[in-house]
Amino acid sequence: EKPPLSFSQYVWEQCVKDFTLAVVGRPAVLMGNSIGGYISQAAAAYLGPNLCRGFVLMNSAGPLIPREDYLASLEANGTVLERMRQGFGAEAGLPEYAPLPQWLLGFF
């Protein structure tokens, strides 16, 4: 089941950055297809040349929506988790998203 997040290019970009920093932890080459190409480019720009030695783009796409529009939507409508808490999510007792425990990350 998907965690109750507002999935967007910004969330995916943050996932790639977090994974590279927390799990890979050394210089790497990022690769992405379609929207993943854009995500790889954005993460590479953040990570810089010390952690991202290059990236491979396959059929790369650009950003889906401008950041300003995404932030305006969050402000107007709230996150998926906030909307769920207002509706069925509150009664279902869904837990909030939590990152993977460190012991589990050791397997990768």
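Trainee: Is Ser 40 buried or exposed?

Mentor: This is a predicted model. In it, Ser 40 has a relative accessible area of 5%, and it counts as buried because that is under the 20% cut-off.

Trainee: Where does Ser 40 sit?

Mentor: Ser 40 is in helix 2, which covers residues 35-51.

Trainee: Which residues is Ser 40 in contact with, leaving aside neighbours within four places in sequence?

Mentor: Leu 30, Met 31 and Gly 32. With Met 31 there is a polar pair: a polar atom of the Ser 40 side chain lies 3.2 Å from the backbone oxygen of Met 31.

Trainee: What else is buried in helix 2?

Mentor: Besides Ser 40, the buried residues are Gly 37, Tyr 38, Ile 39, Ala 42, Ala 43, Ala 44, Leu 47 and Gly 48.

Trainee: And what do the buried residues of helix 2 pack against?

Mentor: Helix 1 (9-24), strand 1 (28-33) and strand 2 (52-58).

Trainee: Different topic. Which residues form the largest nonpolar core?

Mentor: Five residues: Leu 30, Ala 43, Ala 44, Leu 47 and Cys 52. Helix 2 supplies the largest share of this core, three residues. As a general point, nonpolar side chains tend to be buried together in soluble globular proteins.

Trainee: What does Cys 52 touch, not counting residues up to four places away in sequence?

Mentor: Cys 52 touches Ala 28, Leu 30, Ala 44 and Leu 47.

Trainee: Last one. Where is the kink in helix 2?

Mentor: At Ala 45, shortly before the proline Pro 49, with an angle of about 65°.

Conventions: Residues numbered from 1 in each chain as written. Predicted model: local features only at pLDDT ≥ 70, side-chain atom pairs only at ≥ 80, totals over all residues. Heavy atoms only, no water. Bend = angle between axes of the 7 residues up to and from the residue. Helix = DSSP H or I, 4+ residues; strand = E, 2+ residues; numbered from the N terminus. Buried < 20%, exposed > 50% of the residue type's maximum accessible area, 1.4 Å probe, protein only. Contact = heavy atoms within 4.5 Å. Polar contact = N/O pair within 3.5 Å; in protein donor to acceptor, adjacent residues only side chain to side chain. Core = buried A, V, L, I, M, F, W, Y, C linked by side-chain atoms within 4.5 Å.
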